[in-house]
Amino acid sequence: MRNRNSLTRQLSIAMAALAFVAVAVSTAAFYIVYAVLERLHVVAPLPPGVADTTGLDVGITLAACVVGVALALAVAIRLARRIVQPLGAVGEAARRIADGDLTTRIAPVRAAHGEAALLIADFNAMADRLQRMSDDVKLWNAQIAHELRTPLTILRGRLQGAKDGVFPLDDALVVGLMKQVEGLTRLVEDLRSVSLAESGRLELVIGDVDLAAELEDMRPILSSMLSPAGFELEMTLEAGVVRADAARIRQAVVALVDNACRHASPCILRLAVEFTRSEAVITVADKGPGLPPEFERSAFHQFVRGTKNSGGSGLGLSVVQAIARAHGGDASYQRTNDRSLFRILLPMPKG
């Protein structure tokens, strides 16, 4: 409040001084110019017997100064309130947010117009984003803890059982433990990829990538993922080169195929590459129930699952989208009559 009064007082004094100086300078200039013109005989001096009205003029000038100063003060106070009130509201809200109250918002201020109203709107938008970021961090912490707890609990239980002699330390136990470690490794890598993409720091090693050749080389890996789940792989690969990170493209394709293994019905999984004038499109098509309509908009969000107990970390599609966007493209979903189409869209090099 002290700062607000101080700013108001300074504006009022400045406006009043400006009005006084303006009247005084204009009056003094009038008398100086008139005196010079009289000396140069441009204007005639007062004739004899005509009363000198200089005193009256000075009085009128002083009265004009008083009226001008009063009007300037009134305008200055009104203007200062219109400026200071929004600034005071923003300052108070900023202090509350600095104290940790991210729910603080500035109510509409009647005196706020133009830039002041825009400042309040921008501040509220910033506060909304800060609160969403804070909520996202809390959600991320809870989700990460949840995702890590299950495989760590299994690893600890199996190792403790092997130590106590409950489980024989044979090849089957080692293979089971390795699967849990691989799952943890992939979860950590997915978390890392999404986090780096969210912060704009996902590193890409860009080069010319022949998508058809790259995906053809992945055929054995993809078949080994699909066969145990009852899927067959069919590829339709159009030749073409894009500027991309080959390792990241492989990571995204594996994520889409793994997503199909978890959620689609056993079928012939179709992996296709096609090119338009502006982009390369990688499509993974499966026969499955598809995404529920209410889930389609959030399917590519982190830790979102379409069905309960479906397995997975809820990060696969978000990793795909993060990689696509890091390349300047995007990821999308489309449902046809009997197939779900997940696409990676990559921009074609210009020129």
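Predicted model: local features only at pLDDT ≥ 70, side-chain atom pairs only at ≥ 80, totals over all residues.

1. Helix α7 covers residues 246–263, which makes 18 residues, and the span from its first C-alpha to its last is 26 Å, close to the 26 Å expected at 1.5 Å a residue. The helix is mostly covered, since 13 of its 18 residues are buried.

2. Asp-245 belongs to the loop between β3 (241–244) and α7, and it caps the N-terminal end of that helix, with a side-chain oxygen 3.0 Å from the backbone nitrogen of Ala-247. A polar atom of the Asp-245 side chain also lies 2.7 Å from the backbone nitrogen of Val-205.

3. Which side chain of opposite charge is nearest to Asp-245? It is that of Arg-248, 4.6 Å away, and Asp-245, although buried, has no salt bridge, the cut-off for which is 4 Å. Leaving aside residues up to four places away in sequence, Asp-245 touches Glu-203, Leu-204, Val-205, Ile-206 and His-327.

4. A search for disulfides across the whole structure returns zero. Cys-261 is in none, and the nearest cysteine sulfur, that of Cys-267, is 9.5 Å away. Because a disulfide requires sulfur atoms within 2.5 Å, the 9.5 Å between the sulfur of Cys-267 and that of Cys-261, its closest cysteine sulfur, is too far for a bond.

Definitions and conventions. Residues numbered from 1 in each chain as written. Heavy atoms only, no water. Helix = DSSP H or I, 4+ residues; strand = E, 2+ residues; numbered from the N terminus. Expected span 1.5 Å × (residues − 1). Buried < 20%, exposed > 50% of the residue type's maximum accessible area, 1.4 Å probe, protein only. Polar contact = N/O pair within 3.5 Å; in protein donor to acceptor, adjacent residues only side chain to side chain. Lys, Arg positive; Asp, Glu negative; His and termini not counted. Contact = heavy atoms within 4.5 Å.
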